[in-house]
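Colleague: I would like to go through this structure label by label. Please set each value against its definition.

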Amino acid sequence: IGRWMGLDDKDSRVITMCGMSAAFSALFGTPLTATIFAIEVISVGEMYYAALLPCITGALIGYGLAAVFHIPPTAFAISGVPHLGLASVGQVILLSILCALLSIIFCWAMHAASKAYAKVFPNRLLRAACGGLIVVALSLLIGTSDFNGAGMQVIQRAMQGEADWYAFLFKLLLTALTLGAGFKGGEIVPTFFVGATFGCVVGPLLGMDPSFAAAVGLVSIFCGATNVLIPSILLGFELFSGAGLELIALGCGICFMLSGHHGLYSSQ
């Protein structure tokens with residue numbers, strides 16, 4: 001649209017960020033997260049404040065249009081939120097350290113799969129065809145479609161404290177094989193899936209409630225994979241209605257710090 005309007009480089013950048021904000025907000029019902037995500041994700045540690053007003057306008061319009069079409073915002077009710085204290089802080093720190101490691105593995109798998117496919121199948125059409133067959137074959141072997149598509153039902157179960165121990169591994173593998181083959185889909189929801197199921201499984205081993213651990217895992221893995229700190233904290237606020245926000249913010253900070261320069265977006 002920016003090209004059709006003949007916008008210069010600066011305004012084209014802003015309208016692109018507006019599109020990101022509007023689509024993110026419409027999909028997840030999180031206008032604050034969508035706004036800050038768009039102005040922070042372009043360059044790690046920097047925010048393009050000139051786009052703040054246009055982006056929040058786009059985010060609110062996207063949110064409003066989703067409501068017009070009766071698309072409910074994404075929200076989860078979590079339980080077992082602990083009181084702030086040394087024990088809960090220590091548990092969140094330990095979980096977020098593990099989440100940082102998993103976010104690094106997640107990003108590495110996405111990039112490694114793409115390089116491996118390109119090396120074995122130089123032709124892009126053959127690469128996509130073979131990649132699709134691999135994903136179909138593995139899905140049939142696994143025997144469930146839980147790891148195909150968005151998997152929001154699995155995320156919802158994790159938020160209720162239920163997840164299979166292998167769920168995050170299978171989702172990570174199938175996502176890497178799908179996107180690496182050249183298919184264009186989302187990286188964001190898979191980070192939700194992997195983080196929520198990982199937190200749900202590992203949290204109880206650290207003495208945490210599985211529901212709250214799933215919430216910490218979801219937001220922390222999103223933060224580590226995308227390298228956006230403030231939007232991740234806002235995501236925790238908007239998805240969970242502010243429950244346990246201080247501890248969730250701590251998890252984001254630890255994961256952001258320890259994940260280093262690994263990320264999904266090479267353009268950063």
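**Labels and their grounds**

Modeller: The protein exposes about 13000 Å², and 69% of that area comes from carbon and sulfur atoms. Accessible areas come from the Shrake-Rupley method with a 1.4 Å probe, and for residues only the protein chains shown count as cover. This is a predicted model, in which local features need pLDDT of at least 70, side-chain atom pairs count only at pLDDT 80 or more, and totals for chains, interfaces and linings use all residues. Residues are numbered from 1 along each chain as its sequence is written, and side-chain values use heavy atoms, with hydrogens and water left out.

Colleague: How many helices and strands does the secondary structure come to?

Modeller: Eleven helices and zero strands. Helices (H or I, at least four residues) and strands (E, at least two) are DSSP runs, numbered from the N terminus. The order from the N terminus is α-α-α-α-α-α-α-α-α-α-α.

Colleague: What share of the contacts with a separation of 6 or more comes from residues 24 or more positions apart?

Modeller: 75%. Contact means heavy atoms within 4.5 Å.

Colleague: Which side chains count as positive and which as negative?

Modeller: Lys and Arg are positive, Asp and Glu negative; His and the chain ends are not counted. The protein has 10 positive and 12 negative side chains, and the centres of the two sets lie 16 Å apart. Each charge is placed at NZ of Lys, CZ of Arg, CG of Asp or CD of Glu.

Colleague: Why is serine 211 called buried?

Modeller: Because its relative accessible area is 1%. Buried means under 20%, exposed over 50%, partly exposed in between (1.4 Å probe, protein chains only). Serine 211 sits in helix α9 (residues 210–226). Leaving aside neighbours within four places in sequence, serine 211 is in contact with Ala77, Ile78, Ser79, Ala158, Met159 and Gly161. Across the protein, buried residues make up 44% of the 268 residues.

Colleague: What makes α8 largely enclosed by the rest of the structure?

Modeller: The count of buried residues: 14 of the 15 residues of α8.

Colleague: How do you know that the span of helix α8 agrees with its length?

Modeller: The expected span is 1.5 Å times one less than the number of residues. For the 15 residues of helix α8 (residues 188–202) that gives 21 Å, and the end C-alpha atoms are 21 Å apart, so the two agree.

Colleague: Why is histidine 70 called exposed?

Modeller: Because its relative accessibility is 71%. Histidine 70 is in the loop between α3 and α4 (86–120). Its phi is positive, about 60°, although it is not a glycine. Most residues other than glycine have a negative phi.

Colleague: Is asparagine 227 buried or exposed?

Modeller: Buried, because its relative accessible area is 3%. Asparagine 227 lies in the loop between α9 and α10 (229–240). Phi of asparagine 227 is near 60°, a positive value in a residue other than glycine.

Colleague: Why is threonine 57 called partly exposed?

Modeller: Because its relative accessible area is 39%. Threonine 57 lies in helix α3 (residues 52–68). Its C-alpha atom is separated by 8.2 Å from that of alanine 22, 35 residues apart along the chain.

Colleague: What makes isoleucine 230 count as partly exposed?

Modeller: Its relative accessibility of 38%. Isoleucine 230 belongs to helix α10. Apart from neighbours within four places in sequence, isoleucine 230 is in contact with Ile36, Glu40 and Met47.
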